[in-house]
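Student: Please take a close look with me at the charged pairs in this protein. I would also like to know what surrounds them.

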Amino acid sequence: MSAIIDRAVNIIRRGGIVAFPTETSYGLAVDYENEKALEKLYRMKQRSHEKALLVLVESREQLFQLVTFVPDEYRILMDRFWPGPLTLIFPARNELSTVLTGGSGTIGVRISPHPLATRLVSSYGKPLTATSANLSGKSPAKSAGEIRKIFKERVDFILEEDTDLPGNCSTIVGIQNRKLKILRNGVLDLTQMIL
């Protein structure tokens, strides 16, 4: 498995796109600082540049490569649901590419509990994009076969999972008017927690 992870890391370092499994669906990884790779990812997904790309980190410490601070409102959610299918929207560092953030000034981040996703981010040594492996507006890919069908050879490498993934999305939470708000319903049902 180490050789396969190393191959994926080298492809990302060269500006390639790697599909990998998470606890929800397949994601697409590129280096978050490589604007050419980010642009290639947007084109491949047929995604509007106004929509930011979500990012995976290995740890809370790595989070600070992306964000200016952690809102106090997030701490209980991070303690309870990270690693897990919860994406939190943070104030982005000024030096982050507007291609990555969609010009929003914010960045969506999570820590995945999936062992392959964790190893990929850990081996790369810095955050990676984790946008869902789909054409914009379509359902995310649950298998390597679906990725091949959707993207043909445009994905440079696939870290394959033995079984199909659930195919759902992470729940996205942000802060509006100093209150937690669910921005996208996903696998985590937080409606009782966030009112």
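**Charged pairs and their surroundings**

Tutor: Let's start with Lys40, which is partly exposed, as its relative accessible area is 30%. Please keep in mind that this is a predicted model. The side chain of Lys40 meets that of Asp156 in a salt bridge, with an N to O distance of 3.5 Å. Lys40 belongs to helix 2, while Asp156 sits in the loop between helix 7 and strand 8 (157-158), so this pair ties together parts that are 116 residues apart in sequence. Asp156 has a relative accessibility of 36% and therefore counts as partly exposed too.

Altogether, the count of salt bridges comes to eight. Another of them joins Arg110 and Glu23, whose side chains meet at 2.3 Å, N to O. Because Arg110 lies in strand 5 and Glu23 in the loop between strand 1 (18-21) and strand 2, this pair ties together parts 87 residues apart in sequence. What about burial at Arg110? With 7% relative accessibility, Arg110 counts as buried, since the cut-off for buried is under 20%.

Leaving out residues up to four places away in sequence, His114 touches Pro21, Thr22, Glu23 and Glu161. With Glu161, the side chain of His114 also makes a polar contact of 2.4 Å. You can find His114 in the loop between strand 5 and helix 6 (115-124), and at 10% relative accessibility His114 counts as buried.

The next pair is Asp79 with Arg60, a salt bridge whose closest N and O atoms are 2.8 Å apart. Here helix 4, which holds Asp79, is linked to helix 3 (residues 60-63), which holds Arg60; the two residues are 19 apart in the chain. Asp79 is exposed, with a relative accessible area of 55%, whereas Arg60 is partly exposed at 31%. Finally, a network of salt bridges links Asp31, Glu33 and Lys126.

Now for the surroundings. In soluble globular proteins, nonpolar side chains tend to be buried together. In this model, the largest nonpolar core has 46 residues, and Phe90 and Ile107 have the most contacts inside it. At least two residues of this core come from each of strand 2 (26-29), helix 2 (35-45), helix 4 (75-81), strand 4 (86-91), helix 5 (98-101), strand 5 (106-110) and helix 7 (144-151). As for Ile107, its contacts beyond four places in sequence include Leu53, Val55, Leu66, Val67, Leu88 and Phe90. A separate core of 18 residues lies apart from this one, with Val9, Val18, Phe20 and Leu128 among its members.

Strand 10 runs antiparallel to strand 9 (residues 171-176), and five bridges join the two. Within that pairing, Ile175 has Leu180 of strand 10 as its bridge partner.

How values were computed:
Residues numbered from 1 in each chain as written. Predicted model: local features only at pLDDT ≥ 70, side-chain atom pairs only at ≥ 80, totals over all residues. Heavy atoms only, no water. Core = buried A, V, L, I, M, F, W, Y, C linked by side-chain atoms within 4.5 Å. Buried < 20%, exposed > 50% of the residue type's maximum accessible area, 1.4 Å probe, protein only. Helix = DSSP H or I, 4+ residues; strand = E, 2+ residues; numbered from the N terminus. Contact = heavy atoms within 4.5 Å. Pairing = 2+ DSSP bridges. Polar contact = N/O pair within 3.5 Å; in protein donor to acceptor, adjacent residues only side chain to side chain. Salt bridge = Lys/Arg side-chain N within 4 Å of Asp/Glu carboxyl O.
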